[in-house]
Amino acid sequence: MNNKKENVLEINDLSVSTSGSKILKGLNLSIRKGETHAIMGPNGSGKSTLAKTIAGHTDYEINNGTIKFLGNDLVSIPIEERSNLGLFLGFQYPIEIPGLSNTAFLKAAINAQRKYNDLKDIPANEFLLELKSKADQLGLDQSFLSRGVNEGFSGGEKKRNEILQMLMLNPKLSILDETDSGLDIDSMKIVADGVNSTRNEETSTIVITHYERLLNYLEPDYVHVINDGRIIKTGDSTLANELEEKGYEWLTKKK
Amino acid sequence: MEKQKNKEINEFLQKGYEYGFETDIESETLPPGINEDVIKIISAKKEEPEFLLNWRLKAFAHWKTLKSPEWSQLNIDPIDYQSISYFSKPKQDDGPKSLDEVDPKLLETYEKLGIPLHERAKLAGVAVDAVFDSVSVVTTFKDKLAEAGVIFCSFSEAVQDHPELIKKYLGKVVPYRDNYFAALNAAVFSDGTFVYIPKGVRCPMELSTYFRINEAKTGQFERTLIVADEDSYVSYLEGCTAPMRDENQLHAAVVELIALNDAEIKYSTVQNWYPGDEKGKGGIYNFVTKRGDCRGENSKISWTQIETGSAITWKYPSCILRGDNSSGEFHSIALTNNLQQADTGTKMIHLGKNTKSKIISKGISAKSSQNTYRGLVSMSKGASQSRNYTQCDSLLIGNKSGAHTFPSINVNNTSSTLEHEATTSKISDDQLFYCQQRGIDEEDAIGLIVSGFCKEVLNELPMEFAVEARALLQVNLEGAIG
């Protein structure tokens, strides 16, 4: 591990509640440039809450602690600005926007990001060429681009659409919330290849998953186990294999 | 947090009306009040033939016997018809003329509104008739249209130059006896637009009328008459704006369309009259009667309307499907906000055999506004094998607005088919969060979601105006590509 690399994400003693119940209870996590981290853990342990809190979902209230993203204190930054700073959340359940074409939606997203960075709107040709090549990479048909955002998509299409958006937006940190759930093996391979194609020294990824399989493709630098709102174990990618064999009980009991 | 979100949505919805300025121009305005003398003065000013004056007077006599209709749920402050001025025009010599002679202040007004009257300007493919208060101030591209045999002029000019056509078609689709506001309009209408497309001609450009109310305490009562002769085609668009004022102003127009055998008329409206302030003060009363007569076989009339303005919108652009195999369409977006009220929809009257109609209505209601779809589909005994498809969708923003749907269906034969679909939905917090997570701020997100909701209707607009309509609905991108 390269200790000289700067932190992309730095979470300190984070406590979060939603609808009155405490979900995260003093969670700490640091992610450096170029790293891929996996977060695993039993249902209800706080994985999705962590993802949505980082993204700024207003259902989640921060009771204590700090989240720093590229040195910015995220708590006071609006949702869209977090995105424009380079934070991407791949949704566990992508949302449908009927009638709004995928292409129009993506172009609006890209231009919002460009506007934030004082750039002019992306030229239509450049945008379309890039979109086509990224869609091809993910095995998505052209017709897919003119359909309404996630409207009537299959589970696999929705997840691939999330990855398409990620590829187009070039985030600095991607949080993929159970992007592998509901995918068949072929789709998972395509999604994993898509994620791997973005990996470089500048980008970081958090993968939230229940399954070892995706991690076999992605080979994360770290694997964390969350239980009851805290990270209770951190290891390298071999930890995922161990969890696949033994489940979580040996960890949660020990605690 | 829910509160915060609502606050943001509210701020977005409270954006100002951009067209609320007033033009300081000398005008000639009749004193308020309505009586036979006023009607005679209007008619005399326009040097009208006797048949027209008589028609006006009969309409006025009939109007006096009527009461303002009360069957809608609309909440309308009583209108004092004696306090309205029925005629106002910018002080310049009579009649539309070449651009060089038009008062520069007027040209400036239309520039500000984004309606270039210079023929070299960017909407070069569109001919415009500009109606300012009670009169048409200029009509562009007349020569080019004349080459194709198309008549496109102000109503007043048509009365002078083509009285036989006016006499033949005026009041034949919307007679003055039709309703209260149609009778009032027939009595006092001051100007408007006349279009005639001769046999076999496909109108070489989009035609458009831009209505502007400027003078205070006046009403605007214009008539539009479009006749598409056999096997002809025309696409026509009207746009509307008015200054911001505290009092309500009445706009009671009548539009009549006639399509003969194999003719097609496409009529689009982008209505953006001043809607009043957030407390419901001021704004235009838009009480309009619009009807198309598919008189000929295989004729087609389609209405597309984007209704975003007016304090109250009350109109039902309709089609009488008289000719066998004729078809009528109605595509509507009605967006209400603050205390706006819209009661709009259509009537599809199937008389001929094998006639078709399609109704797509999209209502968006925000804040405390009320948005009603009211429609009638009627299949007469003779309208065998006829078909109707109706789709009514409502989108609610916030939790104080109302959406209402009143469809009526009358079927008097056994071979016709009708389909009716209706949905009501809300912009969800999840949709907003999803857009925001992709970097799109809430304001643009709402615009995108609304544009998606309205897509089928926006796609019906002529290209040149789709942009304007999308901007009106706070949309940047939808349809620009893909």
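Axes here are lines fitted to C-alpha atoms, for helices over the stretch in contact, and angles run from 0 to 180 degrees between N-to-C directions.

A word on the model. It is predicted; local features need pLDDT of at least 70, side-chain atom pairs count only at pLDDT 80 or more, and totals for chains, interfaces and linings use all residues. Residues are numbered from 1 along each chain as its sequence is written, and chains are lettered from A and ligands numbered from 1 in the order in which they are written.

Back to the helix pair. From α9(B) come B:Gln431, B:Leu432, B:Cys435 and B:Gln436; they meet B:Glu442, B:Ala445, B:Leu448 and B:Ile449 of α10(B). Contact means C-beta atoms, placed from the backbone, within 7 Å. The residues of this helix contact split into five nonpolar, two polar and one charged. Nonpolar covers Ala, Val, Leu, Ile, Met, Phe, Trp, Tyr, Cys and Pro; charged is Asp, Glu, Lys and Arg; the others, Gly among them, are polar.

Now the chain contact. How many residues does each chain bring? Chain A gives 30 residues and chain B gives 24 residues. On the chain B side, α9 (429-437) and α10 (442-453) each supply at least two residues. That side of chain B holds nine nonpolar, eight polar and seven charged residues.

Chain B overall: twelve helices and 23 strands. Helices (H or I, at least four residues) and strands (E, at least two) are DSSP runs, numbered from the N terminus. Of its 482 residues, 55% are buried. Buried means 20 or more other C-beta atoms within 10 Å of the residue's own, exposed means 12 or fewer, and partly exposed lies in between, with C-beta atoms placed from the backbone.

Why does strand β23 of chain B lie largely in the open? Of its ten residues, 417-426, the number buried is zero. Strand β21 (387-397) pairs with β23(B) in the parallel sense over ten bridges. Pairing needs at least two DSSP bridges. B:Tyr389 sits opposite B:Glu419 of β23(B).

Over to chain A. Four strands make an open antiparallel sheet, ordered β2-β1-β4-β5. β2 (21-32) and β5 (72-73) are at the edges with a single partner strand each, so one side of each has no neighbour in the sheet. β1 (7-18) and β4 (61-69) of chain A pair antiparallel over seven bridges. In β4(A), A:Ile62 is the bridge partner of A:Val16. Helix α1 (47-55) of chain A lies across β1, β2 and β4, at about 70 degrees to β2(A).

Next sheet: six strands, open, mixed pairing, in the order β6-β9-β10-β3-β11-β12 of chain A. The twist averages 20 degrees from one strand to the next. β9 (173-177) and β10 (204-208) of chain A pair in the parallel sense over five bridges. A:Asp177 stands opposite A:Ile208 there.

Last stop, A:Glu245, in helix α9 (238-246) of chain A. Buried or exposed? A:Glu245 is exposed, with 9 C-beta neighbours inside 10 Å. A:Glu212 is 33 residues away in sequence, and 9.8 Å away C-alpha to C-alpha.

Conventions: Two residues are in contact if their C-beta atoms, placed from the backbone, lie within 7 Å.
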